[in-house]
Amino acid sequence: MDSLSYKTLSATPATIKKEWVVVDATDQVLGRLCAKVAKILRGKNKPNYTPNMDCGDNVIIINADKVRMTGNKFTNRVYLRYTGYPGGQREFTPEVLMNKSFKMRANGHHPLYTKVVKGMLPKNRIGARLLDNLYVYNGSEHPHEANNPKVIDINTVK
């Protein structure tokens, strides 16, 4: 066989097929769950993965309030944010972000999951666009039934 005839195929916007996926976060460890979700958002689980294209799926996470963290990380881990002004460094814990998610009116946005998944995506324009494909809800209901999402078991995703 002629080895020079092999061609590398890159995904194009015409060949990309995006799907909707539902993931249940009940009794899952937060970091491990978000690592697998970031892989699905990026499209690395598909055979036609292309690094410079958005070829991942749209992910809906339900039961986000039932996620767990190992050890005392839920109360002891500290995330930092900086406002840009002198003395503007702010600290918050996952517990504070989880409580904040119950008060938020914006559907599909969860501050804890956004913070964790954002750290696992590329730090460029593609990473920002991929984060828009993540929808997180505290309960088991979501408004995306019209998109016919398929339910997957996150434990089987590698």
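Is K150 buried, partly exposed or exposed, and what is its relative accessible area? In this predicted model, K150 is partly exposed, with a relative accessible area of 42%. Its salt-bridge partner is E19, which is partly exposed too, at 35%. This pair brings together distant parts of the chain: E19 lies in the segment before β1 and K150 in strand β6, 131 residues apart.

In total, the structure holds three salt bridges:

| Salt bridge | N to O distance |
|---|---|
| D54 and K18 | 3.1 Å |
| E19 and K150 | 3.2 Å |
| K46 and D57 | 2.7 Å |

Now for the other two pairs. D54, in the loop between α1 and β2, and K18, in the segment before β1, are 36 residues apart. D54 is buried at 18% relative accessible area, while K18 is partly exposed at 35%. With K46 and D57, both residues sit in the loop between α1 and β2, 11 residues apart. K46 is buried at 17%, and D57 is buried at 4%.

Next, the nonpolar side. The largest nonpolar core has 31 residues, and those with the most contacts inside it include L30, L33, I61 and Y113. Among the elements that each supply at least two of its residues are β1, α1, β2 and α4. The largest share, seven residues, comes from α1. Beyond its neighbours within four places in sequence, I61 is in contact with residues including V23, V37, Y113 and L134. A second, separate core of five residues includes W20, I60, I62 and Y137.

Key
Residues are numbered from 1 along each chain as its sequence is written. This is a predicted model: local features need pLDDT of at least 70, side-chain atom pairs count only at pLDDT 80 or more; totals for chains, interfaces and linings use all residues. Side-chain values use heavy atoms; hydrogens and water are left out. A nonpolar core is a set of buried Ala, Val, Leu, Ile, Met, Phe, Trp, Tyr and Cys residues joined through side-chain atoms within 4.5 Å. Buried means under 20% relative accessible area, exposed over 50%, partly exposed in between (1.4 Å probe, protein chains only). Helices (H or I, at least four residues) and strands (E, at least two) are DSSP runs, numbered from the N terminus. Contact means heavy atoms within 4.5 Å. A salt bridge is a side-chain nitrogen of Lys or Arg within 4 Å of a carboxyl oxygen of Asp or Glu.
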